[in-house]
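The sequence and the structure come first.

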Amino acid sequence: MRLHTLKPRPGSKHRRKRLGQGESSGRGKTAGRGGKGQSARSGSSIRVGFEGGQMPLLRRIPKRGFNNARFATQYLPVNVGDLNQFEDGARVDETALRSVGLANGAADGIKILGGGDLTKTLIVVVSAISASAKTKIEAKGGTVEIIACKKAAQPVKA
(Lines give C-alpha, C1' and ligand atoms only; values in the text may rest on other atoms or scores of the structure.)
Protein backbone atom coordinates (compact mmCIF):
# COMPACT_ATOMS: atom_id res chain seq x y z
CA MET A 1 0.00 0.00 0.00
CA ARG A 2 1.28 3.44 -0.96
CA LEU A 3 0.05 6.91 -0.07
CA HIS A 4 -1.13 7.53 -3.63
CA THR A 5 -3.29 4.38 -3.58
CA LEU A 6 -5.28 5.31 -0.45
CA LYS A 7 -9.00 5.88 -0.99
CA PRO A 8 -11.88 6.57 1.37
CA ARG A 9 -14.22 3.65 2.11
CA PRO A 10 -17.01 3.20 -0.44
CA GLY A 11 -20.12 5.10 0.62
CA SER A 12 -18.30 7.36 3.10
CA LYS A 13 -18.09 10.29 0.69
CA HIS A 14 -21.22 12.02 -0.57
CA ARG A 15 -21.71 14.48 -3.38
CA ARG A 16 -22.39 18.03 -2.26
CA LYS A 17 -26.07 18.95 -2.64
CA ARG A 18 -26.09 21.49 -5.47
CA LEU A 19 -28.89 23.97 -4.89
CA GLY A 20 -30.61 26.20 -7.43
CA GLN A 21 -29.74 24.12 -10.51
CA GLY A 22 -33.11 24.40 -12.23
CA GLU A 23 -36.63 23.17 -11.54
CA SER A 24 -36.07 19.54 -12.53
CA SER A 25 -33.20 19.09 -10.03
CA GLY A 26 -35.68 19.08 -7.13
CA ARG A 27 -33.74 21.87 -5.43
CA GLY A 28 -34.29 24.64 -7.95
CA LYS A 29 -36.06 28.00 -7.68
CA THR A 30 -36.00 28.64 -3.91
CA ALA A 31 -33.12 26.18 -3.35
CA GLY A 32 -34.78 24.42 -0.41
CA ARG A 33 -35.36 27.63 1.54
CA GLY A 34 -39.16 27.70 1.19
CA GLY A 35 -40.87 30.93 0.23
CA LYS A 36 -39.93 34.51 1.05
CA GLY A 37 -39.01 35.91 4.43
CA GLN A 38 -36.11 36.26 6.81
CA SER A 39 -35.04 32.62 6.63
CA ALA A 40 -34.93 32.75 2.82
CA ARG A 41 -32.29 35.51 2.80
CA SER A 42 -28.58 34.85 2.65
CA GLY A 43 -26.68 35.29 5.88
CA SER A 44 -29.81 34.86 7.94
CA SER A 45 -29.82 32.79 11.09
CA ILE A 46 -32.37 32.85 13.89
CA ARG A 47 -31.23 31.47 17.22
CA VAL A 48 -32.90 28.39 18.66
CA GLY A 49 -36.05 29.24 20.59
CA PHE A 50 -36.46 32.71 19.08
CA GLU A 51 -40.12 33.50 18.46
CA GLY A 52 -39.95 36.78 16.57
CA GLY A 53 -39.81 39.06 19.61
CA GLN A 54 -42.72 37.31 21.35
CA MET A 55 -41.87 36.15 24.86
CA PRO A 56 -40.30 32.69 24.30
CA LEU A 57 -42.05 29.60 25.64
CA LEU A 58 -39.21 28.80 28.01
CA ARG A 59 -39.61 32.19 29.68
CA ARG A 60 -43.43 32.08 29.64
CA ILE A 61 -43.89 28.90 31.64
CA PRO A 62 -43.62 29.11 35.46
CA LYS A 63 -40.57 27.72 37.16
CA ARG A 64 -41.46 26.57 40.65
CA GLY A 65 -40.17 24.14 43.17
CA PHE A 66 -36.83 22.73 44.11
CA ASN A 67 -34.63 20.60 41.88
CA ASN A 68 -32.31 18.26 43.73
CA ALA A 69 -30.28 17.27 40.65
CA ARG A 70 -27.25 19.39 41.46
CA PHE A 71 -26.98 17.89 44.95
CA ALA A 72 -27.50 14.26 43.85
CA THR A 73 -24.65 11.77 44.25
CA GLN A 74 -23.33 10.56 40.89
CA TYR A 75 -22.07 6.96 40.79
CA LEU A 76 -20.18 5.19 38.01
CA PRO A 77 -21.85 1.78 37.51
CA VAL A 78 -19.73 -1.39 37.27
CA ASN A 79 -21.23 -4.88 36.95
CA VAL A 80 -20.03 -7.80 39.08
CA GLY A 81 -19.31 -9.85 35.96
CA ASP A 82 -16.74 -7.26 34.85
CA LEU A 83 -14.67 -7.85 38.01
CA ASN A 84 -13.54 -11.27 36.72
CA GLN A 85 -10.56 -9.66 35.00
CA PHE A 86 -8.88 -9.14 38.39
CA GLU A 87 -6.79 -11.92 39.97
CA ASP A 88 -8.01 -14.03 42.90
CA GLY A 89 -7.69 -12.18 46.22
CA ALA A 90 -7.11 -8.80 44.56
CA ARG A 91 -8.22 -5.56 46.21
CA VAL A 92 -10.68 -3.85 43.88
CA ASP A 93 -11.06 -0.13 44.59
CA GLU A 94 -11.61 3.00 42.51
CA THR A 95 -7.98 3.31 41.37
CA ALA A 96 -7.89 -0.35 40.29
CA LEU A 97 -11.17 -0.02 38.37
CA ARG A 98 -10.01 3.17 36.64
CA SER A 99 -6.63 1.65 35.69
CA VAL A 100 -8.38 -1.30 34.00
CA GLY A 101 -10.83 1.05 32.23
CA LEU A 102 -14.04 -0.14 33.90
CA ALA A 103 -14.76 3.29 35.43
CA ASN A 104 -14.23 6.38 33.31
CA GLY A 105 -15.28 9.98 33.80
CA ALA A 106 -16.03 12.24 36.73
CA ALA A 107 -18.26 10.98 39.54
CA ASP A 108 -18.59 11.04 43.31
CA GLY A 109 -18.03 7.29 43.67
CA ILE A 110 -18.41 3.84 42.15
CA LYS A 111 -21.38 1.52 42.58
CA ILE A 112 -21.13 -2.22 41.93
CA LEU A 113 -24.26 -3.67 40.31
CA GLY A 114 -25.35 -7.31 40.18
CA GLY A 115 -25.07 -7.96 36.43
CA GLY A 116 -23.15 -11.08 35.42
CA ASP A 117 -21.53 -13.86 37.48
CA LEU A 118 -18.41 -13.67 39.60
CA THR A 119 -15.81 -16.45 39.50
CA LYS A 120 -13.07 -14.89 41.68
CA THR A 121 -12.61 -14.14 45.38
CA LEU A 122 -12.13 -10.40 45.69
CA ILE A 123 -11.84 -7.65 48.29
CA VAL A 124 -14.15 -4.93 46.97
CA VAL A 125 -13.82 -1.38 48.36
CA VAL A 126 -16.41 0.97 46.80
CA SER A 127 -18.82 3.79 47.66
CA ALA A 128 -22.03 1.82 47.04
CA ILE A 129 -23.12 -1.70 46.11
CA SER A 130 -26.41 -3.34 45.23
CA ALA A 131 -27.79 -6.13 47.42
CA SER A 132 -27.49 -8.75 44.66
CA ALA A 133 -23.87 -7.79 43.96
CA LYS A 134 -23.00 -8.03 47.64
CA THR A 135 -24.45 -11.54 47.92
CA LYS A 136 -22.59 -12.68 44.79
CA ILE A 137 -19.25 -11.38 46.09
CA GLU A 138 -19.72 -12.84 49.58
CA ALA A 139 -20.92 -16.17 48.13
CA LYS A 140 -17.51 -16.58 46.47
CA GLY A 141 -15.72 -15.83 49.76
CA GLY A 142 -14.94 -12.21 49.01
CA THR A 143 -15.47 -9.20 51.24
CA VAL A 144 -17.22 -5.88 50.66
CA GLU A 145 -16.14 -2.63 52.27
CA ILE A 146 -18.18 0.57 51.87
CA ILE A 147 -16.28 3.87 51.96
CA ALA A 148 -17.60 7.42 51.99
CA CYS A 149 -18.10 9.28 48.70
CA LYS A 150 -15.66 11.96 47.59
CA LYS A 151 -18.47 14.51 47.64
CA ALA A 152 -18.17 16.80 50.64
CA ALA A 153 -21.28 16.87 52.80
CA GLN A 154 -23.26 20.10 52.42
CA PRO A 155 -23.42 22.00 55.71
CA VAL A 156 -26.98 22.16 57.01
CA LYS A 157 -28.07 25.66 58.02
CA ALA A 158 -30.24 25.70 61.11
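Arg-98 and Glu-94 join their side chains in a salt bridge, 3.0 Å from N to O. A salt bridge here is a side-chain nitrogen of Lys or Arg within 4 Å of a carboxyl oxygen of Asp or Glu. Because Arg-98 and Glu-94 are four residues apart in helix 2 (residues 94-100), about one helical turn separates them. Helices (H or I, at least four residues) and strands (E, at least two) are DSSP runs, numbered from the N terminus.

This is a predicted model, in which local features need pLDDT of at least 70 and side-chain atom pairs count only at pLDDT 80 or more, while totals for chains, interfaces and linings use all residues. Residues are numbered from 1 along each chain as its sequence is written, and side-chain values use heavy atoms, leaving out hydrogens and water.

The whole structure holds three salt bridges.

| Salt bridge | N to O distance |
|---|---|
| Arg-98 and Glu-94 | 3.0 Å |
| Glu-51 and Arg-60 | 3.1 Å |
| Asp-93 and Arg-91 | 3.8 Å |

Asp-93 is buried at 19% relative accessibility, whereas Arg-91 is partly exposed at 47%. Buried means under 20% relative accessible area, exposed over 50%, and partly exposed in between (1.4 Å probe, protein chains only).

Strand 1 (residues 75-79) has Leu-76 and Val-78 on its covered face. Strand 1 pairs with strand 3 (residues 109-113) in the parallel sense over five bridges; pairing requires that DSSP finds at least two bridges between two strands. Pro-77 has Lys-111 of strand 3 as its bridge partner.
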